[in-house]
Amino acid sequence: MEQQLPAGRRPRLVSSLGLGQRCCEVTLDQERGLLAWRHPRRGGENYFVPTSEIIAVEETELNKKQRNTGKWQKLAKPHAFTVYYVKKARNHRWWCRDVTFWCVDENLCNQWTQALKELLEMQKCRPKQLLVYINPYGGKRQGKRIYEQKVAPLFSLASISTDVVITEHANHAKDNLFEVNINKYDGVVCVGGDGMFSEVMHGLIGRMQKDSGIDQNNPKAPLVQCNIRIGIIPAGSTDCVCYSTVGISDPVTSALHIIVGDSQPLDVSSVHHNNTFLKYSVSLLGYGFYGDILKDSEKKRWMGPMRYDYSGFKTFLSHHYYEGTISFQPAKHTLGSPRDKDSCRTGCYICKESEQQLAEQQKKCGLKHEEDEEEWKVIKGKFLAINAVNMSCACPRSPKGLSPAAHLADGSADLILVRKCSRFDFLRHLVRNTNQDDQFDFSFVDVYRVKSFQFTSKLSEDNGSNVTDIGKKRFGQFCRDHPACCCNIADSTWNCDGETLDSSAIEVRVHCQLMKLFARGIEENCKDEAAYSHSSIEHLL
Ligand SMILES: CCCCCCCCCCCCC/C=C/[C@@H](O)[C@H](COP(=O)(O)O)NC(C)=O
Ligand SMILES: Nc1ncnc2c1ncn2[C@@H]1O[C@H](COP(=O)(O)OP(=O)(O)O)[C@@H](O)[C@H]1O
Ligand SMILES: [Ca+2]
């Protein structure tokens, strides 16, 4: 073994270790945090693992078969250690892989495990204690099984302790988050869909505001950032928040992002009606099409995730449009636009720029909210859908999302207005949400990047403040003068991250980076990475 100690640098371990039946050179560059080896078989394939992506290191006993076939078998009892690490596969999927190295020198083996364990200790962003909420009824009702079989073993491998709550009713997790000793935890994990995530987020953000004496009912209140990260183990029907922040909805991939302690800030919109707080939203706030789908699908929960296809088809055929006024403040602070060709990726410079602006603003005004005199744009019209998205809203049904260029943490939302058009045209727009074509390239679709907006339906304007009750009573009635015109005189419902809102008149404000997830955004495709790892290993070995 060779130890090089250039002045001011941490050592680098280079050893010839056993791997299976052969020998291979293994390098640990402690300064750069890289573990590398060349596989003696598999065509001499190079392996390159950043220590930030090592899950655990364990001393191991080689089993009898391994021992008997090893070339050192007759010399002495070998000593071995196993490294568990993240293996990146296609489509942003991560696996947990392991490799066992051995040698006859016990000291050498200890030196390796010590060095690796010390490097793992230095990863300060990794969680040690997590609070886990499982919705046993989300999606295909597999939440408990998914957690127990796929996630819990990984957490225990990574020495993470957990307190697990299996929810017994809706709002169980949210209410519980107001009572627990939250400072005990490095993060909260939710196992379920977007609705379950929304519940946990409301618990955490609400708890934060309560502890800081902030009144959530004040739409202008400067909210306190929530530094306890949330991890999402996807086990729901749409899993859009997970898919849009990780690139795939896969429980193992998400568990690994939690273990390595990733952090992804997220914009959160607050939704108010008449100075009353209604909800927060991180993904979709949808009126018209997506609101009607959700409302109809709630009655069909027994169908599982299929309910959205059924209700989607039904809602498409009904072709209702809604009249109303939407006013918004364009987001002038951010560098991007909704028609950009590039999308938000890990380390996104547009989101970083917003983070800097936020820090400067907080330095200047502390928690005080700056009075915002910026212009409002007003649009009146008949809409089939009004969608406000804080992130792309990519999900397995719509792989590039409802707004492919939306950013996770730039302090803005994309407001998509789909005006009244023919069924055929609307279908063309919908289909483009599911393929590579541009869903905004239609005369009846407008998209704006905004930092706040308000909506009032024509019905609320006509009836004054007690609109919601009237709207509810009239739901399902149609314009008497034109029975075939699909003009619905009732209101639609807002779909707020998979939950319905009780009011159609709403006031929405985007809060830049109000919370954080155990994620890193979507990574660029791995081709460049492979080239990088190849050159690095050439240099190392
Ligand atoms: C007739 C053809 C319809 C085609 C539509 C294709 C586009 C589908 C894009 C869906 C974007 C969903 C954004 C996320 C919404 C979730 O918050 C919400 C709740 O998800 P959950 O059930 O809690 O996982 N799901 C739905 C469908 O409203
Ligand atoms: N034990 C429970 N029983 C009934 N509803 C629950 C329970 N736990 C959570 N919920 C609620 O179920 C709703 C949907 O859950 P979610 O996990 O998002 O599944 P899905 O993606 O299928 O909609 C959430 O709004 C959540 O508040
Ligand atoms: Ca955003």
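Mentor: Start with the shell around ligand 1. Helix 5, helix 8 (289-298), helix 9 (307-318) and helix 11 (423-434) each supply at least two residues. Helix 9 gives the largest share, four residues. Keep in mind that this is a predicted model.

Trainee: What makes a residue count as near a ligand?

Mentor: Its C-beta atom, placed from the backbone, must lie within 6 Å of the molecule. For ligand 1, 28 residues surround it. The closest are Gly 193, Gly 236, Ser 237, Thr 238 and Gly 498.

Trainee: How do the residues of that shell divide by class?

Mentor: Twelve are nonpolar, twelve polar and four charged. Gly counts as polar here, so Gly 193, Gly 236 and Gly 498, among the closest residues, are polar by that rule.

Trainee: Which residues come nearest to ligand 2?

Mentor: Gly 138, Gly 192, Gly 193, Gly 195 and Gly 236, out of 21 around it. Helix 5 (residues 194-211) gives the most to this shell, with four residues.

Trainee: What is the class make-up of the shell around ligand 2?

Mentor: Four nonpolar, 13 polar and four charged residues.

Trainee: Where does the DAGKc annotation lie?

Mentor: The UniProt record, an unreviewed entry, places "domain: DAGKc" at residues 125-275. That stretch is 36% helix and 23% strand, with its end C-alpha atoms 38 Å apart.

Trainee: Now helix 3 (residues 143-157). How do you know what span to expect?

Mentor: Take 1.5 Å times one less than the number of residues. Helix 3 has 15 residues, so 21 Å is expected. The helix reaches 20 Å from its first C-alpha to its last, close to that value.

Trainee: Where is the kink in helix 3?

Mentor: At Val 151, shortly before the proline Pro 153. The bend is about 40 degrees. That is the angle between axes fitted to the seven residues ending there and the seven starting there.

Trainee: What follows helix 3?

Mentor: Ser 159, with a positive phi near 55 degrees.

Notes: Residues numbered from 1 in each chain as written. Chains lettered and ligands numbered in written order. Predicted model: local features only at pLDDT ≥ 70, side-chain atom pairs only at ≥ 80, totals over all residues. UniProt positions renumbered as here; feature names shortened; annotations may be inferred.
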